[in-house]
Amino acid sequence: MAQFFEVHPDNPQPRLLRQAAQALQGGAVLAVPTDSSYALVCHLDDKAAVERLRRIRGVDERHHLTLLCRDLSELAAYARVDNRQYRLLKAATPGPYTFILEASKEVPRRVSHPSRKTIGLRVPEHRALRELLALHGAPLLGATLILPGDEGPLNDAHTIRERLEHAVAAVIDAGACPLEPTTVVDLTPMGTGGDPEVLRIGRGPLAPLGL
């Protein structure tokens with residue numbers, strides 16, 4: 001049975017988040033709230049946990065997983081970012097955006113796109129998730145919590161626990177999420193002088209990006 005951490009959305013209890021962080025460091029896959037929808041997350045460097053996350057989500061290595069970072073200083077360690085790209089990132093983070101960037105050598109091959117060598121990165125705005133990232137001390141690897149056969153993400157923590165009670169180690173309940181996907185922007189064309197490409201319009205408005 002998955003553990004159930006019920007935390008306050010604006011003032012999450014550190015004791016419960018520390019327990020969740022310890023589970024992640026021990027190789028667990030967790031269901032957590034974000035500023036767009038619930039997500040599955042695990043330790044970036046745990047191969048078994050990453051494979052388990054992909055199995056739960058029902059995706060292969062061609063599906064972009066996302067690095068969830070505390071701030072842009074972490075993001076820059078895992079992606080190649082030039083000045084133009086950084087200015088755009090700074091204008092839109094933290095927030096409900098996912099950016100596709102060229103992965104640095106710090107990113108394990110198994111989590112970057114196999115042909116493009118790119119990675120999805122985001123700096124979420126959700127208070128409980130940001131504090132979990134701080135306690136974990138490193139980025140987490142994540143994917144939107146859409147189960148095979150479902151059309152949209154799960155949004156109720158109790159339902160998530162019922163459906164994934166033997167698949168995830170814990171569920172963090174901070175109330176319902178907005179249930180709207182992130183806006184996805186590919187920044188890799190900027191590396192060769194091109195313009196960013198909007199791959200999906202979601203909760204994040206385009207205006208802060210100048211698009």
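Residues are numbered from 1 along each chain as its sequence is written, and side-chain values use heavy atoms, with hydrogens and water left out. Because the model is predicted, local features need pLDDT of at least 70 and side-chain atom pairs count only at pLDDT 80 or more, while totals for chains, interfaces and linings use all residues.

Start with the helices (DSSP runs of H or I, at least four residues, numbered from the N terminus, as are strands, which are runs of E, at least two). Helix α1, residues 14–25, packs against helix α5, residues 127–136, at an angle of about 55 degrees, and their axes are 9 Å apart. Here axes are lines fitted to C-alpha atoms, for helices over the stretch in contact, and angles run from 0 to 180 degrees between N-to-C directions. The two helices are therefore oblique to each other; under 35 degrees counts as roughly parallel, over 145 as roughly antiparallel, 65 to 115 as roughly perpendicular and the rest as oblique. In α1, the residues that meet α5 include Leu 17, Ala 21 and Leu 24, and their partners in α5 include Ala 128, Leu 132 and Leu 135 (contact means heavy atoms within 4.5 Å). Sorted by class, this contact has 8 nonpolar, 2 polar and 2 charged residues. Ala, Val, Leu, Ile, Met, Phe, Trp, Tyr, Cys and Pro count as nonpolar, Asp, Glu, Lys and Arg as charged, and the others, Gly among them, as polar.

Strand β8 (140–144) is one of the elements that give two or more residues to the lining of the largest pocket, alongside β4, β6, β7 and β11. The largest share, 3 residues, comes from β8. By class, the lining divides into 11 nonpolar, 11 polar and 4 charged residues.

Two spots in the backbone are also worth a look. Thr 93 and Pro 94 are joined by a cis peptide bond, with omega about -5 degrees, and Pro 94 sits in the loop between α4 and β6. Leu 179, in the loop between β9 and β10, has a phi near 60 degrees, a positive value in a residue other than glycine.
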